[in-house]
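User: Hey, I'm new to this one. Can you walk me through it?
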Amino acid sequence: MAGRGTVKAHGGFNANNDAEVLFKAMKGLGTDEDAILQLLIARSNAQRQEIKAAFKTLHGNDLVDNLKSELGGKFESLIVALMTPPIMYDVTCLRDAIKGAGTDEKGLIEILASRLPNEVNEIKSLYKREHNDDLEKDVTGDTGGNFSRMLVVLLQVRKDLIQSDAQALLAAGEQKYGTDEGQFITILGNRSNAHLRRVFEEYRKLSGYEIEESIQRETSGTLQEVLLAVVKCARSVPGYFAESLYNAMKGAGTDDQKLIRIMVSRSEVDMMDIRAEFRKRFATSLHKTIQGDTSGDYRKALLLLCGGDDA
């Protein structure tokens with residue numbers, strides 16, 4: 001997956017020079033938003049952290065605080081997200097999803113269903129350090145029932161049991177009066193993506209159904225949402241994010257929180273693959289969809305993160 005992002009480390013990088021460019025862009029009357037977005041999106045996250053340190057050394061100010069005071073709205077949210085280290089960004093998004101007004105179930109599902117086991121472990125450790133709280137406890141305190149159980153299982157270390165889980169899933173759902181949700185949670189939450197793909201194949205042979213069809217028949221609400229997200233990520237993480245981006249922009253209104261979260265968090269990981277999946281599934285490009293759905297510097301920054309049009 002390495003190297004499948006649209007944002008790469010800048011070759012002739014000099015943190016002090018970049019810090020000066022940003023200082024000038026914010027100095028005096030008015031702000032040069034274009035200079036800010038062009039520079040920051042052409043640097044990797046690790047390089048942005050070096051620029052932040054250089055800015056502090058040269059000017060005695062926190063770069064992110066300065067950016068916040070100069071920018072506004074969705075563009076500000078996007079730039080602040082770009083300035084946050086990746087694991088810290090996930091921690092911030094999870095904390096906001098739990099502690100904000102109401103619970104953002106979709107945000108919790110998106111992050112916990114799509115991150116790799118080692119990333120989940122880093123998220124849990126950093127969450128504890130930053131907030132002196134246990135992420136699992138916060139999740140269970142803010143959610144309920146089988147949805148909560150599934151999220152907690154996703155926060156555990158995933159196991160690879162090389163045996164057929166397909167029969168257990170079939171017995172827990174299609175072959176049972178009522179549904180044993182616990183079995184779905186245990187298997188879908190505890191297995192690696194590669195293992196799950198083989199289970200789904202076996203399940204289809206045994207039952208004649210795709211696993212998604214059974215989940216839709218046998219479960220409902222937020223539990224159904226998180227189980228389907230795990231299945232989609234097992235099949236294809238870029239496919240899952242392509243669909244999430246499409247849903248964030250289709251119809252009236254845009255889910256800007258989701259749009260920013262995905263465009264920022266996947267820009268150095270697999271944005272190229274997400275773009276390809278988007279083109280394949282929706283007969284239009286991600287670039288064109290963003291162009292038609294956003295405006296101003298916010299649009300300009302998102303299109304740079306997108307990195308090209310697959311028309």
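User: Let's start with Glu225. How exposed is Glu225?

Analyst: This is a predicted model, and in it Glu225 counts as partly exposed, at 32% relative accessibility.

User: Which residue does Glu225 form a salt bridge with?

Analyst: Lys106 is the partner, and the closest N and O atoms are 3.1 Å apart. Glu225 is in helix α15 (residues 221–235) and Lys106 in helix α7, so the pair links distant parts of the chain, 119 residues apart. Lys106 counts as partly exposed too, with 46% relative accessibility.

User: Why would two side chains like that pair up?

Analyst: Side chains of opposite charge can pair when their charged atoms come close.

User: How many salt bridges are there?

Analyst: The count comes to 25 salt bridges. One of them joins Lys74 and Asp256, with 3.6 Å between the closest N and O atoms. Lys74 sits in helix α5 (residues 73–82) and Asp256 in helix α17 (residues 256–265), so this pair ties together parts that are 182 residues apart in sequence.

User: And is Asp256 buried or exposed?

Analyst: Asp256 counts as buried, with a relative accessibility of 17%, because the cut-off for buried is under 20%. Lys74, at 42%, counts as partly exposed.

User: OK, switching topic. You mentioned α7. How does α7 pack with α6?

Analyst: Helix α6 (residues 86–99) and helix α7 (residues 105–114) pack at an angle of about 145 degrees, and their axes are 9 Å apart. Their crossing is left-handed.

User: Which residues make that contact?

Analyst: From α6, Asp90, Cys93, Leu94, Ala97 and Ile98 take part, and from α7, Leu108, Ile111 and Leu112. By class, that contact has 7 nonpolar residues, 1 charged residue and no polar ones.

User: Zooming out, what domains is the chain divided into?

Analyst: The chain is divided into domain 1 (15–83), domain 2 (86–155), domain 3 (159–235) and domain 4 (237–306). The centres of domain 3 and domain 4, taken over C-alpha atoms, are separated by 28 Å.

User: Let's look at single residues. Where is Met263, and is Met263 buried or exposed?

Analyst: Met263 is in helix α17, and at 0% relative accessibility Met263 counts as buried.

User: What is Met263 in contact with?

Analyst: Leaving aside neighbours within four places in sequence, Met263 is in contact with Leu245, Met271, Leu286, Ile290, Leu302, Leu305 and Cys306. The C-alpha atoms of Met263 and Leu196, 67 residues apart along the chain, are separated by 26 Å.

User: Which residues in α20 are buried?

Analyst: In α20, the buried ones are Tyr298, Ala301, Leu302, Leu303, Leu305 and Cys306. The buried residues of α20 pack against α2 (33–41), α5, α17, α18 (271–282) and α19.

User: What about Ser244? Where is Ser244 found?

Analyst: Ser244 is in helix α16 (residues 237–249) and is buried, with a relative accessible area of 7%. Apart from neighbours within four places in sequence, Ser244 is in contact with Lys258 and Ile262.

User: Last topic: the backbone. What phi does Asn132 have?

Analyst: Asn132 has a positive phi of about 50 degrees although Asn132 is not a glycine. Most residues other than glycine have a negative phi. Asn132 is in the loop between α8 (117–131) and α9 (135–142), and is exposed at 63%.

User: And where is Ala283, and what is the phi there?

Analyst: Ala283 is in the loop between α18 and α19. Ala283 has a positive phi of about 55 degrees although Ala283 is not a glycine, and Ala283 counts as exposed at 64% relative accessibility.

Key:
Residues numbered from 1 in each chain as written. Predicted model: local features only at pLDDT ≥ 70, side-chain atom pairs only at ≥ 80, totals over all residues. Heavy atoms only, no water. Axes fitted to C-alpha atoms, helices over the stretch in contact; angles between N-to-C directions. Helix = DSSP H or I, 4+ residues; strand = E, 2+ residues; numbered from the N terminus. Left-handed = near helix turned anticlockwise from the far one by under 90°. Contact = heavy atoms within 4.5 Å. Nonpolar A, V, L, I, M, F, W, Y, C, P; charged D, E, K, R; others polar. Domains from an automatic or database assignment. Salt bridge = Lys/Arg side-chain N within 4 Å of Asp/Glu carboxyl O. Buried < 20%, exposed > 50% of the residue type's maximum accessible area, 1.4 Å probe, protein only.
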